[in-house]
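Trainee: Please walk me through this structure, feature by feature. I would like the general idea each time, then the case at hand.

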Amino acid sequence: MHSQLAHIAPGPFEPLQPLLAALVVYAYATRARTLARREQPVPAWRQICFYGGLATLLVAVYSPLGELSDELLFAHMAQHLLLADIAALAIVLGLTGPLIAPLLRVRLFDRMRVLSNPLIALPLWVLDLYVWHLPVFYEAALRHELVHGLEHMMFIGFAVNMWMPLFGPLPQPAWFTNFWKLIYIIAVRLIGALLGNVFVWSGTIFYPHYAHGERAWQISPLNDQGLAGTAMMIEGSLLTLGLFAWLFFKAAREGEERQQLVELAQSRGVPLTEERAGRAVAAGRGAALRERIRG
């Protein structure tokens with residue numbers, strides 16, 4: 001037990017990542033204060049999500065999990081789930097249109113908006129997920145710090161982009177209704193579950209790098225790999241349940257708001273179809289449409 005506890009320590013400190021996180025926090029806080037002075041405040045819950053997402057990134061890297069991730073595949077998978085699922089989702093929830101408006105004034109970033117289209121975001125995320133889990137690339141990341149850093153950056157970046165069609169402030173195609181959002185969520189979870197099942201049932205050791213750590217923790221390589229796959233499936237299932245609940249309440253709220261707009265328009269003698277009201281509500285412009293009807 002003492003020899004195993006000796007393996008539990010904070011991950012190696014690399015000053016570049018905390019410095020980048022501090023710069024992001026400063027930029028976000030400065031922009032949020034500017035918007036508050038303009039009476040466009042960023043909701044407190046969004047700010048909590050954003051800062052919480054960045055904190056999760058740092059915890060995943062610099063907590064004892066960061067050290068264990070080099071010894072056990074299970075720990076490394078838990079770290080990746082924190083980075084690419086939980087932290088990335090929280091960061092996206094912390095964004096609003098006015099917050100990122102200065103970035104979109106830069107031509108390069110404005111052109112990159114096309115990547116958030118669900119037909120592009122999902123395939124990019126899938127490609128990134130599966131390519132990095134190929135043994136040749138995964139073990140290269142374990143052996144070389146620069147490659148490992150690139151792997152984490154791509155996991156986070158493509159995960160943020162993958163969540164943008166569901167929760168981000170950028171406009172989405174008109175066809176991407178709640179039904180297609182449901183399909184999108186199911187696709188994300190099935191793709192992740194497939195990789196988890198490969199780890200659980202393959203019977204083949206994919207990453208021999210962990211042999212030393214597995215001996216130290218007295219766990220067989222197959223059990224370690226199976227735990228990693230199980231963690232993927234459990235975390236994915238819980239997250240999917242939460243996303244289903246969010247989508248259900250979102251659809252119910254939008255349906256109620258759409259009906260209220262139609263009834264208000266009828267009472268004021270303003271022509272308004274359910275389709276137009278539905279598009280306004282889905283785009284977050286229900287309140288503006290209500291004011292125009294009343295005016």
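**Reading the features**

Mentor: Start with one residue. Phenylalanine 244 is found in helix α13. Keep in mind that the model is predicted.

Trainee: Is phenylalanine 244 buried, exposed or partly exposed?

Mentor: Judge it by relative accessible area: buried is under 20%, exposed is over 50%, and partly exposed is in between. Phenylalanine 244 has 32%, so it counts as partly exposed.

Trainee: Which residues make the nonpolar surface patch with it?

Mentor: The patch covers about 1100 Å². Among its members are Leu119, Trp175, Phe179, Trp180, Ile234 and Leu241, along with Phe244. Next, ask which helices supply it. Both α11 (178-201) and α13 give at least two residues. The most comes from α11, with five.

Trainee: Now charges. How many salt bridges does the structure hold?

Mentor: Six. Then check sequence separation and burial. Take aspartate 85 and arginine 189: their closest N and O atoms are 3.8 Å apart. This pair links distant parts of the chain, with aspartate 85 in α5 (residues 73-93) and arginine 189 in α11, 104 residues apart. Both aspartate 85 and arginine 189 are buried.

Trainee: What separates lysine 250 and glutamate 254 in helix α13?

Mentor: About one helical turn, because they are four residues apart. Their side chains form a salt bridge at 2.7 Å, N to O. Lysine 250 and glutamate 254 are both buried.

Trainee: And glutamate 139 with arginine 143: what is the distance between the closest N and O atoms?

Mentor: It is 3.7 Å, in a salt bridge. These two are also four residues apart, in helix α9 (residues 135-143), so about one helical turn lies between them. Glutamate 139 is buried at 14% relative accessible area, whereas arginine 143 is exposed at 53%.

Trainee: Which residues of helix α14 are buried?

Mentor: Look for a pattern around the axis. In α14 (residues 274-282), the buried ones are Ala277, Gly278, Ala280 and Val281. They fall within an arc of 165° seen down the axis of α14, so they line one face of the helix. That buried set packs against α13 and α15 (286-294). On the other side of α14, Glu275, Arg279 and Ala282 are exposed.

Trainee: Last, backbone angles. What is phi of glutamate 39?

Mentor: Near 60°, a positive value in a residue other than glycine. Glutamate 39 sits in the loop between α2 (16-37) and α3 (44-62). At 71% relative accessibility, glutamate 39 is exposed.

Terms used: Residues numbered from 1 in each chain as written. Predicted model: local features only at pLDDT ≥ 70, side-chain atom pairs only at ≥ 80, totals over all residues. Heavy atoms only, no water. Buried < 20%, exposed > 50% of the residue type's maximum accessible area, 1.4 Å probe, protein only. Arc of directions from axis to C-beta. Contact = heavy atoms within 4.5 Å. Patch = residues over 30% accessible without salt bridge, like charges linked within 9 Å, V, L, I, M, F, W, Y side chains within 5 Å. Areas by Shrake-Rupley, 256 points an atom, 1.4 Å probe, with all protein chains shown as cover. Salt bridge = Lys/Arg side-chain N within 4 Å of Asp/Glu carboxyl O.
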